[in-house]
Amino acid sequence: MATFGQDLKKQHFCIDENIAQCNNGSFGAVPRPVLEKQQRLIEKRERNPELWYRNQYDPGNFPNEDAHNINMYADGVHAVAAFVGSKPQDLVLVENATTGTNAVLKSLSFQRGDKILITSHTYRAVTKTVQFVSQQLALETVVIEIPIPINSEDDIIKLYSEVLNDDKDIKLAIVDHITSASAILMPVKRIAELCHMNGVMVLVDGAHAPGQIPLNIEDLGVDFYCGNLHKWLFTPRGCAFLWVQPDYKNVISPVTTSHYQNEPTLMKRFCFVGTRDCLPYYLAETSIKFYNDLGGMEEIVAYNSTLASWAADMISKALNTEKLQIPVGMRAPCMALVAIPETSLYTASAETCSRLMSDLYKQSQVFVAFSYFKQRLWCRISSQVYNCKEDYIRLRDALLEVLQL
């Protein structure tokens, strides 16, 4: 493999050399070896699509020159399960973490007046799903306001403890492993222990976790876990996993009801949903191999973390603002947040985030994410192995120019 940074980007990624991509956390990047295998599978499928699909949901009744084709979903499941510390029978592959969250929320049985616990930093798509389910089933939503600054994990645990002690109607807590808007690494295991002491199920939205932090799902003590693989693990987009604690394996079904709805195993229920494109699932094993060939989590995260921290320091000094005030141990390794000063052109509001992102790209061809919380705008920096310091110098200069500082 090439060294990290520009050399790796040129050798293994298709990212436009004119773009400074400082927002890997949104959509990730697919390396060429994975794209090349994806193209080979597309061509194989298109040579005989009839046989391709029928051999997946009706194996054994049609001639098949490649029996391995039937098992590619299972191969993907086994590869991902080994990577995240799960038994294969407890894990399925889905399009994204939001899909997995929907499957859980729409499969569980609730009673009128039951409550679902989220936080002020819960991902917006998940919040909207909770709102939808709550409206359908006459449920209530309880929101924990995440404080900034955070002094320690104990601050978070205290908030959960107070809410759970005061409200015994809460049946499910949705916890971000890494919050999307603020890149806070939440103490999931401690939260899960507290929830279970109060008879509350735990669903973890781990959209940003796989590939960024070590995972041992079975050790977390949660009931459900969803994690994206396209963000930090190099799979094609539309690849995530849903892990289900074995006690609930007969409860959870796909959001879309299809041919295998009544099958007894999770994998059978989720593996074939119509003509959904399953190729990203089939490429999970190849993507994990690429990740490990780069040096695995130790080398990748060491590079990304160092670069993200350097970039945040440099940009905060240039803007004369602060970084997000949270303990080092609660920072997502490959992400960092810097406050954006409010100007007459860019007032602090949720609506400003997309406009600032667009203006930055149109003027300087730099991509970075912005978020709004605690009455402030924040720049969320992401670092991946194809990034280098020059990307963030361009980001700094673009921010200074667009904000007219």
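Between which two strands is the loop that holds Gln375? Gln375 lies in the loop between strand S11 (369–373) and strand S12 (376–382). The legends below describe close-up views of a predicted model.

**View A. Gln375 in the loop between S11 and S12.** The phi angle of Gln375 is positive, about 60°, although the residue is not a glycine. The relative accessible area of Gln375 is 61%. Gln375 is therefore classed as exposed, the cut-off for that class being over 50%.

**View B. Ala138 in the loop between helix H7 (124–137) and strand S4 (140–144).** Ala138 is a residue other than glycine with a positive phi, near 60°. Its relative accessible area is 25%, so Ala138 counts as partly exposed. That class lies between the limits of under 20% for buried and over 50% for exposed.

**View C. The cis peptide bond from Ile148 to Pro149.** Omega of this bond is near 5°. Pro149 belongs to the loop between strand S4 (140–144) and helix H8, and H8 covers residues 153–166.

**View D. Packing of helix H8 (residues 153–166) with helix H9 (residues 188–197).** Two packed helices are described by the angle between their axes and the distance between the axes. For H8 and H9 the angle is about 15° and the axes are 10 Å apart. H8 is therefore roughly parallel to H9, since angles under 35 degrees fall in that class. The crossing of the two helices is right-handed.

**View E. Residues in the contact of H8 with H9.** On the H8 side the contact is made by Glu153, Asp154, Ile156, Ile157, Tyr160, Ser161 and Leu164. On the H9 side are Arg190, Ile191, Leu194 and Cys195. Of the residues in this contact, seven are nonpolar, one is polar and three are charged.

**View F. Val328 in the loop between helix H14 (296–319) and strand S9 (335–340).** Val328 has a relative accessibility of 62% and therefore counts as exposed. Lys362 is 34 residues from Val328 in sequence. In space, the C-alpha atoms of Val328 and Lys362 are 34 Å apart.

Terms used:
Residues numbered from 1 in each chain as written. Predicted model: local features only at pLDDT ≥ 70, side-chain atom pairs only at ≥ 80, totals over all residues. Heavy atoms only, no water. Axes fitted to C-alpha atoms, helices over the stretch in contact; angles between N-to-C directions. Helix = DSSP H or I, 4+ residues; strand = E, 2+ residues; numbered from the N terminus. Parallel < 35°, antiparallel > 145°, perpendicular 65-115°, else oblique. Left-handed = near helix turned anticlockwise from the far one by under 90°. Contact = heavy atoms within 4.5 Å. Nonpolar A, V, L, I, M, F, W, Y, C, P; charged D, E, K, R; others polar. Buried < 20%, exposed > 50% of the residue type's maximum accessible area, 1.4 Å probe, protein only.
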